[in-house]
Structure formats: structure tokens, C-alpha cells
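User: I've got a model on my screen and I'd like to talk through its contacts. Can you take my questions one by one?

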Amino acid sequence: MTIAIQKWLLFLFLHIHLHGLILAQLPDLRYSVCGNNGNYTENSTYQNNLNKLLSSLSSNMDKYGFYNASIGQNIDTASAIVLCRGDVEVEECRGCVNNVSQKLVQLCPNQKEAFGGYDECMLQYSNQSILGTTSFSTKYYLWNSGDASKPEEFNQELRKLLDDLRGQAAGGGPLRKYASGNATGPNFQTIYALAQCTPDLSPQNCVDCLTNAYGDMPNCPCNGKRGGRIIGVRCNFRYESSRFFNEVPFEALPPTGNDDKTVPIGNPIGKDDGTAPTGKDDKTARTVIIIVVPIVTVVILIVCIYVICMKMRKRKLVDEIQSIRGDDISTAESLQYDFSTIRTATDNFSNANKLGQGGFGPVYKGKLSNGQEVAVKRLSADSGQGDLEFKNEVVLVSRLQHRNLVRLLGFCLDGTERLLVYEFVPNASLDQFLFDPVKRRQLDWERRSRIIGGVARGILYLHEDSRLRIIHRDLKASNVLLDAEMNPKISDFGMARLFTLDETQGNTSRIAGTYGYMAPEYAMHGQFSVKSDVFSFGVLVLEILSGQRNTCFKNGESVEDLLSYAWSNWREGTATNLIDPMLRGSTGLARDIMRSIHIALLCVQENVADRPTMAAVVLMLSSLSLSLPVPSGPAYYMHTDISAETSLIQEYNSRTSGSKELAKSKSISSSRNEASMTELYPR
């Protein structure tokens, strides 16, 4: 028993320690609003008061997840209020509040008022008093995109449930005013909901606040949807078609008039005359103990196991996504299209609507019945992209929201047909402009600089700012689409690899990517990390600056490798030879382009550790005053013109391992830039 307890304690210690490391990467807020009450100056009294107040919130709030306070006087007064969802454990609540306070200061710099939160907690700070306000004012709407079946019946059952929860929450006592429950809607669909007020409100004020919130439903886009949420500072409610909360044990208030809260009123043990209890009473007490103690013990164990499993679930999110079943995808009603709808939109996949041919199948332009233009990727049966890649792309892209990532509108599964429906990007892909001698004239330095910066921010979002760390593994010019304003959008997540936030690298025996863009450690050994995407980004930048493909760079009459040519000219001080003649102009322009070449060479360095992160790359691109380190030699650097594609692989192999057997142990099938798939199969 002692050994088992020690194992549990060790597990809990490691779990808490790793959880602390994950919090270092702050996730995006679920919702946030910056106020209009003016700005404060750096190092002002108000800023000092606000920082002091925010740093004390998590430590001062009670175990029920509520705290409000003010610091300062007159115009320098800083007020704040925090509230955690009623079913959230206190330690998770404290971590949530810390994250929100840090994130709000980042999102609303120097602003005196801000409001925001995650699903588990919310926070508002202001230079105006919050403590005296009791009325409801809507701060945010959230909703599920799926429509409820039979909306009128659904809303009737929902309103009955919310009215019941309102009474329960208002009667919750001075420590926690929270209630959750469920009801059965039309077609036997279960509706789950919760209602909550800040516990400092009186029961009547809580009722009034929630009543006003319910009355705001007609204005909310959530009306008629399967899920929705109306959030105010003093109260909020939420409903969904699936369970999103944990059960909270009922805590009865002590009876009135009993000063000793640990002993109930009455005389349960003996009689007033001091006589001993009868044998019948003794048997009854023993029976109660025999029944109650095991039940309480089992309940406590179940709750502990449930909490631990919920936390471990975050660690296993990668495996869950990769092992997702087809019937799980089919339940995503809000994303799924009928095959007949897609076939009609593309005119039965006519050649006239064909936009291009990718490594996994053709892409068609379509027009939905509502007039919206879309791009449809039709995956071919022999494309090499199996169910795993298809599900990865659906799950990944549907959860990513960034201006430099292509937006997934939906998907279709119909027998052997697998289709992905994207937003239509009118200017096609970057390679169609960059490597076309006529169209390339449209890419002046301003547009190329904007494309480089947009791609960098998109990859940074995948690596650090999304809920999971995502490695694209196939970043190239043909996977960068251009919208009407020539802004870049990264596409094709079929080969993307997911990581939890505390993972940085991985291994694979199935190598997928495009020749010339793959980092050497990935191409030869299957080792990939965020630095693999950094390498691909560096190659892409050199292509954008030179206007030529990386594997067939034309230098006069000879054909060289772009990386080798760039490095040779950099060492000789003639890097301007690399610049596309269409960009050569003033000294100031050349200076900016030279800095971009410098950054690209840092990205393609052979040593993985020497390559910068995408966060550092974005900083280098945006801050011209930042000094750059001296780059070391790139991977695949050669002293002579290339004569065969495999010579690059052979040279890297000899430099990194010193063993000729490694090259013999792999069957290499490489592809030019036009394709999107390269596979190495280990023996």
C-alpha cells in the first residue's frame, strides 16, 4: 500500500511539474474586449496599482474561484473581479486566472480597462469601480455553428431548463451561485446547460441579472443554435448539445441557529439524562457507518480518477486525433457537405473548373447555391494520402484561425470519395507568379516583403500560438496561396504533424515532403522539429528573392543549387548577384533585400541548433535595428555545379554520418517542386 501511495504521489508531482511547463505557452483567450476608458502611461501610479492587483488575484481568491478588489485612490484606482466556472478545481482556477491576467495585458497594452477569459474563468479590470455594479451588461456572445433541430421546441425546453437553473444558482448561498443540469429536447436530444452569478450578489440580484441575460437571447447569434453562451461580468449562462461541465457535489448550508457548524442541532449520540444509547441505536449507527464509509470512499476515488484522467487527456490529444474514427468525423454536421452539393457546385468536376493538380489529387473551383465561391480538393484513391492524412487535415484546419492560413469550410465523405472544401483564393499559388517570367513582374519588393512576413507569421502561429504545436512539413511555394490583395495563405495540412506544447521534435519512418525544401536531418533520418519548417522557410525566402527554383538555379549558362550559390556569393561579398534583376534598384531597397538574404541563410544552416525559431525570425523581419548573427554553412552546400539530384543527399550523408552504408540502407524516391510527395522507406 505504501509503495502504491508513493507511485501516486510521484505521478501527481510529475504531472503538476509538466503542467507548469505547458503554461509557459499561453493559449489564446476564448474571448476578450479592450475597454474605452482611456490609456495609462508607462510606470504610472495606475500601472503600478494594476500590476500589483493582477499579481495578487489568484492567491487571494477563495476556494470557490471568486475575488474582487480595488487598489489605489481617485484616478489611480485599479479594480478587478475574477470568477471561475463553478465546477473548476481551485488549482486549475488559479492557473487560469494567472494566464488571463497576463494575456489581457498583452492584448490591451496600456489600456485602463479589459475583459476576457477562457472556458474555465473570466476576468475584468478597470479604472472604474466594479464592486458597486450589480446589473447585467452583455460583454460577449459565443455560439455553436450547428443549427438545432426543431428550433422552436428546442428553445422551449432550453428556456424551462434555464429558468430552473436560475433559481438553483440564486439560492446557492454566499460562496457559490452556480447550477448545472440537463433536459431532453426534440428528437431525444439532450441539452446541457449551466447558469452562474458572482456570489457577492444577493439572490434577487442574481435572479435579475440572469433574467436580463436570458432576455438578450433574441440579439445573440446563438439563438436557434445547438450551443450558445452569453457572458457578462456579473452573470453568465451556457448551453450545449454535449456535456461540457463536471458534476459539483451538493454542499448543504448549516441549519439556522446552530453556532457550531460541525455538530448538528439535537442529541444524536445520547439522551439528555446522560444514559448510554440503547443496543438498537448502537446497531443502527454501526450499520450506517458500514454503508456510508465505503460509498464515500468509492465516490472520492472516482472523483480523483476522473480529475486525473481529464488532465492526462490533454497529453494524449495527439493520439486521440490520429486515432479518430470515421464515425466521429461524420458527426461534425456543421462542416460536412453532401456529395451532390459539391458535384453540382463544380459542374460535375468539369475540366473547365479545374484549378490544378496536386500531389493528392485535382483541385476544382466551385460555386455553392448561396453564390459563395469555393475550392474543392478531390483526393484520388492512389494519391498516397490515406484516411490518416485526410482526418489530420480536417481536424487541424477546422480549428485554426489565422489570416495567413487557408480557411477550411467543410469536407465530404461519400464512399470512396473524400473531398475538402476551402475558401476560394483568386490568385492561385505563389509559384505560378514567382517562376513565371511575365507574372513575376507583378511581385515588386513591397509585395514580396509582405508575402515573406505573412508566411513567417502563419508558421509562427502553427508552432507557438495555436492550441497545439503543429509542424507543417511541406512548406513550399506551391503551398502558399495568394488572395486578391496578394496576401499569403499557407495551405495543405495533410502532412502536418501535431505536438503538445511541451514537445519540440519527433521521428518518423515515413518521410513526406518536397525535394529541395526538406531539412537534411528530416530527409535522411526522419527527424523533424519546428526547425524543419524553419529550414523550408529559408529556402522559400531565397526563391522569393531570386525568382528561381531552388533545385535549378540558372547562373548564366550553368545550373547550380540555389543554397550553394547563395552561400558562395555571401562569403565572397557578392550576395547582390542572387537578387532578382526585377528588384535591383536603389541602395536602400538593396539593403532591405540583403537583410532578408541574411535571415534566409540563418534559417538553412546545417546545424539544427543554430537555426532561429520562427518567433526570432518574425522579430528579425520586423525590427531592422536588431543585429543578426553570422550564418554558418547551409546544408547541401557544394563546391561544384550539381549534376544529379542524389549528389546532394550523398554529400549530406557523408558529412553527417561518415558512413557509406547509410546511403545504401535507404531507397530514395525524390520529387521535383511540382510534386508534393516524397517518401523514403527504411529497410
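What follows is a run of questions and answers on this model.

User: Before we dig in, what kind of model is this, and how are residues numbered?

Analyst: Residues are numbered from 1 along each chain as its sequence is written. Side-chain values use heavy atoms, with hydrogens and water left out, local features need pLDDT of at least 70, side-chain atom pairs count only at pLDDT 80 or more, totals for chains, interfaces and linings use all residues, and the model is predicted.

User: Which residues does UniProt list as "transmembrane region", and how far apart are the end C-alpha atoms there?

Analyst: The unreviewed UniProt entry gives residues 288-309 for that feature; UniProt positions are in the numbering used here, feature names are shortened, and annotations may be inferred rather than shown by experiment. In the model, residues 288-309 are 100% helix and 0% strand. Helices here are DSSP runs of H or I with at least four residues, strands are E runs of at least two, and both are numbered from the N terminus. The end C-alpha atoms of 288-309 are 31 Å apart.

User: How many aromatic pairs turn up in the whole structure?

Analyst: Rings of Phe, Tyr and Trp (its six-membered ring) pair if their centres lie within 6.5 Å. Planes under 30 degrees apart are called stacked, over 60 edge-to-face, and the rest tilted. Searching the whole structure on that basis gives ten aromatic pairs.

User: Is the pair of tyrosine 31 and tyrosine 140 tilted or edge-to-face?

Analyst: The two ring centres are 5.6 Å apart and the planes meet at 40°, so tyrosine 31 and tyrosine 140 make a tilted pair. Tyrosine 31 is in strand β1 (residues 31-34) and tyrosine 140 in strand β6 (residues 138-143), so the pair ties together parts 109 residues apart in sequence. Ring pairs also link Tyr31, Phe115 and Tyr140 into a cluster. As for the geometry you asked about, the planes at 40° make it tilted.

User: Where is the charged end of arginine 238, and which ring does lysine 439 lie over?

Analyst: A charge sits over a ring if NZ of Lys or CZ of Arg is within 6 Å of the ring centre and within 35 degrees of the ring normal. The charged end of arginine 238 sits over the ring of phenylalanine 244, 4.3 Å from the centre. For lysine 439, at 5.4 Å from the ring centre, the ring is that of phenylalanine 433.

User: On to cysteines: how many disulfides does the structure hold?

Analyst: A pair of cysteine sulfur atoms within 2.5 Å is called a disulfide. One of them joins cysteine 84 to cysteine 93, S to S 1.8 Å, with both cysteines buried. The structure holds six disulfides.

User: Is the link of cysteine 96 and cysteine 121 left-handed or right-handed?

Analyst: Cysteine 96 and cysteine 121 are joined with S to S at 1.9 Å. Cysteine 96 is in helix α3 (residues 90-107) and cysteine 121 in strand β5 (residues 121-126), 25 residues apart. The angle about the S-S bond is -85°, and the link is left-handed.

User: How many residues apart in sequence are the parts tied together by cysteine 209 and cysteine 235?

Analyst: That disulfide has S to S at 2.1 Å. Cysteine 209 is buried at a relative accessible area of 1%, and cysteine 235 counts as buried at 0%. Cysteine 209 lies in helix α5 (residues 203-215) and cysteine 235 in strand β10 (residues 235-240), so the parts tied together are 26 residues apart.

Notes. Buried means under 20% relative accessible area, exposed over 50%, partly exposed in between (1.4 Å probe, protein chains only).
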